[in-house]
Amino acid sequence: MEPKDERLRTPRAAGMAGAVFAVLLAAAIVLVRIAIPAGNAADAPVDPGQRWAVRVALEIVPFAGIFFLWFMGALRAQVGEAEDRFIATVFLGSGLVFVATMFGAGAAAGTVLNETQPSGFGRHFAYTMMTTYALRMAAVFIFTTSTIGHRLGVFPRPLAVFGYLAGLVLLVVGSGMPWSELLFPAWALAVSIHMLRVGFRESHPARGTE
């Protein structure tokens, strides 16, 4: 039987964790956009009838962060001893800062649920944390992951190129382009699907290669 620590090194672990993270984060983003469909989210009013969407999104965010940490760990385990220490440090740092800023933004965004006295400071703080910091940390994470995957031959060229383009959009214009925040979960889902396919091929090798 394969040891447990070896199981965590399989691409399947990264693929499953990344897919769950992508779905949860995308769901949270869509719910927030339902409540605040257009304009500057820091100033746009929230329809009282749509507060449920914000409430559900804030409940989802912690679980998205948890699965993102599993996604990071599984990706790093897949790289193993072949990782470049410099890039690996940026990879870990950007991922951890992304989770921290996402949690901070989620906590501050809870102020919009105060129906009697909504906090303008809390809304602006949450918007700044998410668009100025979290999205840019997500871009750095995409850049480093794509670089590692491309160098080691883990990612095919189209997936690496998609990662660089998605990271560039999030880094430069993410905060000013509505719905662009969905690029991060879309990229994570693409990576997860690729890793799951790799894991499936490793667990079901072709008869001629056995």
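Residues are numbered from 1 along each chain as its sequence is written, and side-chain values use heavy atoms, without hydrogens or water. Because the model is predicted, local features need pLDDT of at least 70 and side-chain atom pairs count only at pLDDT 80 or more, while totals for chains, interfaces and linings use all residues.

**Exercise 1.** Determine which helix has the lowest mean pLDDT and which the highest.

*Solution.* Begin with the term: pLDDT is the predictor's confidence in each residue, from 0 to 100. The chain average is 80, and 74% of the residues score at least 70. Helices here are DSSP runs (H or I, at least four residues), numbered from the N terminus.

**Exercise 2.** Describe how α3 and α4 pack.

*Solution.* First, take the geometry: α3 (residues 51-79) and α4 (residues 85-109) pack at about 175°, with axes 10 Å apart. Axes are lines fitted to C-alpha atoms over the stretch in contact, and angles run from 0 to 180 degrees between N-to-C directions. The angle therefore makes α3 roughly antiparallel to α4 (over 145 degrees). Next, examine the contact (heavy atoms within 4.5 Å): residues including Leu58 and Phe68 in α3 meet residues including Phe91 and Met102 in α4.

**Exercise 3.** State which helix supplies the largest share of the lining of the largest cavity.

*Solution.* A cavity is a set of points on a 1 Å grid over the protein atoms alone where a 1.4 Å probe fits but cannot get out; lining residues have an atom within 4 Å of a point. The largest cavity is lined by 13 residues. The largest share, 4 residues, comes from α3.

Note on methods. Helices (H or I, at least four residues) and strands (E, at least two) are DSSP runs, numbered from the N terminus. Angles under 35 degrees count as roughly parallel, over 145 as roughly antiparallel, 65 to 115 as roughly perpendicular and the rest as oblique. On a 1 Å grid over the protein atoms alone, a cavity is a set of points where a 1.4 Å probe fits but cannot get out, and a pocket is an open set with protein on both sides within 12 Å along at least five of seven lines; lining residues have an atom within 4 Å of a point.
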